[in-house]
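Subject: Structure for you to look at

Hello,

Here is the structure I promised to send. Please open it and keep it on screen while you read my notes.

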Amino acid sequence: MRPDWNIYHQPVASSSNDLALDRIKASPHDAHGCVFTVGEQTKGRGRQGKIWHSEPGDGLYMSVVLKPQLQAEYWPLLSFISSLSMMHAMAECYSGLQGQLGLKWPNDIVTHDNLGQPRHKLAGVLLEAHLEHVIIGCGVNLKNAPQIEGKQYQPGDISLYHARSDAGAEASADKLVTDFLSQLEKRFVQFEAGEHTALIAEWKNHCLMLGRSVSVTVGQSAISGIARDIYPNGAVMLVDNQNN
């Protein structure tokens, strides 16, 4: 079912995902296609339940509500579809990012160096399922990205790669939202049509992990190995030095 986008903005909220969840609970029959953006989040959420506070103007915080017609076992693919869509939207909006972006499993948009090694994480996607709906939460660092100790590569922001004096530098967060939704809509139609292998193949074309040594966190444990492939269901194939 193709979304009919309805975009709502709130200057301050605990998180855009909270607004999306409230809409699902209050009006589930018309939540599909609702989009919530927030200027400042007081309790933003990331993977593994991490909470952070965001300052006004430092990022784009957005949540999209979809009601997939496919079984829930396929829903994790929406993380790949969303990160791919955001990567293309960011490159369209900011000329300084063109040719600089790649994807890291399962949900990060990152920049890379000339050897294809990740440099900075600029954006991420988080899925939350609630009954018949999926909330796609997106966070994009526009400026003043925080430094986090112990990270393999540091968070970065668009301002590091795209000076405001560049042509098109005044592209607003609103344009990034609309460009992202345009990218997401066409891939959601493919998703609903069962074109999952093609969508994962497109995602793999931009993946910076394949063939490299990586560490993947599963629950409270970290698993290391060489990333050999991404399965059609989105799972990553890891092998050790003995090809196990």
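This is a predicted model: local features need pLDDT of at least 70, side-chain atom pairs count only at pLDDT 80 or more; totals for chains, interfaces and linings use all residues.

Below is what turned up, from the whole protein down to single residues.

A word on the source. Residues are numbered from 1 along each chain as its sequence is written, and side-chain values use heavy atoms, leaving out hydrogens and water.

**Overall**

The protein has four helices and twelve strands. Both are DSSP runs, numbered from the N terminus: helices are H or I with at least four residues, strands are E with at least two. Residues 24 or more positions apart account for 63% of them.

**Cores**

In soluble globular proteins, nonpolar side chains tend to be buried together. A nonpolar core here is a set of buried Ala, Val, Leu, Ile, Met, Phe, Trp, Tyr and Cys residues joined through side-chain atoms within 4.5 Å. The largest has 51 residues, and Val 64 and Met 90 have the most contacts inside it. Its largest share, ten residues, comes from α2. Look at Met 90. Leaving aside residues up to four places away in sequence, Met 90 touches Leu 97, Leu 101, Ile 109, Leu 122, Ala 123, Val 140, Ile 158 and Leu 176. Another core, of eleven residues, lies apart from the largest one; Leu 19, Cys 34, Phe 36 and Ile 135 are among its members.

Now find Thr 42, in the loop between β2 (34-41) and β3 (44-45). Thr 42 and Ser 14 are 28 residues apart in sequence, yet 4.6 Å apart in space, C-alpha to C-alpha.

Best wishes

Methods:
Contact means heavy atoms within 4.5 Å. Buried means under 20% relative accessible area, exposed over 50%, partly exposed in between (1.4 Å probe, protein chains only).
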